[in-house]
Amino acid sequence: MAGVYQLRLKEPNGDLAAIIDDYRDMSFDKIVNELGSFVVLMNGYDAKTSLFELDGQIEVYRRDVTYGIDWYLEWEGFIRDFTFAFSEDGDYTFTANAVSYTHLLKRRIIAYQAGLSQTIKSDYGEIVMKEFVSENCGGDALVANGRIRDGNFTGFSVEPAGVDGLAWQGQRSYVNVLEVVQEVAKASGVDFNVVGVGDGLFEFRTYYPYLGVDRSNTGVNVTTGLNAAGNPPVIFNPSLGNCTTIEYSKARKDEVTIAMVAGQGQGDDRVVAITPSAATSDSPFNDIEMYGDARNTEDDDDLLSQGESMLAEKQMMETFTFTPIQTATYAYGLNYYHGDLVTGQFLSLGSVDKRIYRASIAVGADGEKIELELGDVV
C-alpha cells in the first residue's frame, strides 16, 4: 500500500475549516531554501470549495501503514489562487494553488533608508538572516525602529539566533527579503524555512549545517554500520532495487568562475574587487568572467561578499534525479526525508553525496508518485 494523504484546510486565523480526503488529484513540491508549491483538483460542486479563502492555510498529512509510518505533516502553506472551470463534456472542477509559508518573506522588502543599521550587516550568517527577517517581517518591523512602514505580520516570530554559518558582510536596502535571505544562505551555508508553530502562528527558523540529517555513505563504521554522523547510510542505486527512472547531469554552460564587482568612484578611481572560484582550474578555458555593479555600496568590503554571491548563483549544477522505490529499508518519511544528505550511485557515476534538494509528490487515481532530486543548494 502506498502513502495515503489527508488535507486539513484552515481559515486565515488558523481555525480548522475542513478535512479533505476526497480530492481528485493533488501535487506539491518541497525545495530547500526556495518557495514550495501545492495544487489540488476537486469536484466543482463539492460544498467544501466554498471554504477556501485567500491566505487560508492548507496542511498535507501523509501516512504509510505498510512501513509503519503514522500521520505526519508533509507540506504546509497559504492558499493564493482559485480556479473554477466547466469543460465541454460538462465536467465542473475547482483548482486551488498554494505557496509555502516562506512566501511571507517574499511579501516584504528591506524598507529602511540606505545607511541605517538595519541595512548594514556584518556577522555570522544565521544572525544576519534573522535580523533582516525580524526587522522587516517580525516584531522589530516597526516605524518606531526606522522602517518606512510597519511590516510585522500577525502571529509571526523569529527563532532565537545562534552563531552558525560563515560570516557575511553587506548592505541591502529596498531589496526583497526572501532574495536577501537566500543570498546570505548561499554564502554562509545556513538553510532556512518558515514553519507553522500553532493555529495562525509562524516562525522563521535556520538550520546548520543543513536542513535534514546526514545519511550519506561517508565514514561508515564496519562494526556498527553507521556513518560518521552516527546514522544508517542511505544509498540510492538501481542495483539495490530502490530507485528507477534515473537521470544524472552536470550543467556548466551558464557557469561563472570570476566575479568582478565595481564599487564607488569613477574612471581609474573606481574600486573593483575580483573574486575567483576554485572551478577556474577545472579546464584551461574555464576562466569565465561576470561583472557586477555595486556603486551604491558604502563599504568596499561588501564587494567581495557580492562577488561570492554571484559565483554561488552561477556555479556548476550537479544533479541526480530519480523515482524512489519504497522498500522496508528505504521508505520515504521513515528512513530518509527531504533535506537529508544521502548517497547516489549510478553506473559510471560512482558515488556522490548530495542533498535531497527537491521532493515532488503527486497523488491521483494511480496512487502516490514521489520524485527526488539530489543536488547542491545554490
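The expected span of a helix is 1.5 Å times one less than its number of residues. In this predicted model, helix 2 covers residues 125-136. Its 12 residues should therefore span 16 Å, and the end C-alpha atoms lie 17 Å apart, which agrees. Helix 2 is mostly covered, with 11 of its 12 residues buried. The buried residues of helix 2 run from Gly125, Glu126, Ile127, Val128, Met129 and Lys130 to Phe132, Val133, Ser134, Glu135 and Asn136.

An open sheet is formed by three strands in the order 16-15-17. The pairing is mixed. Strand 16 (272-276) and strand 17 (289-293) stand at the edges. Each has a single partner strand, so one side of each is left without a neighbour in the sheet. Neighbouring strands of the sheet are turned by 20° against each other on average, direction ignored. Strand 15 (residues 258-262) runs antiparallel to strand 16, and five bridges join the two. Across this pairing, methionine 260 stands opposite isoleucine 274 of strand 16.

Tyrosine 174 belongs to the loop between strand 10 (167-171) and helix 3 (177-188). Its relative accessibility is 40%. Buried means under 20% and exposed means over 50%. Tyrosine 174 therefore counts as partly exposed.

Key
Residues numbered from 1 in each chain as written. Predicted model: local features only at pLDDT ≥ 70, side-chain atom pairs only at ≥ 80, totals over all residues. Heavy atoms only, no water. Helix = DSSP H or I, 4+ residues; strand = E, 2+ residues; numbered from the N terminus. Buried < 20%, exposed > 50% of the residue type's maximum accessible area, 1.4 Å probe, protein only. Pairing = 2+ DSSP bridges. Axes fitted to C-alpha atoms, helices over the stretch in contact; angles between N-to-C directions.
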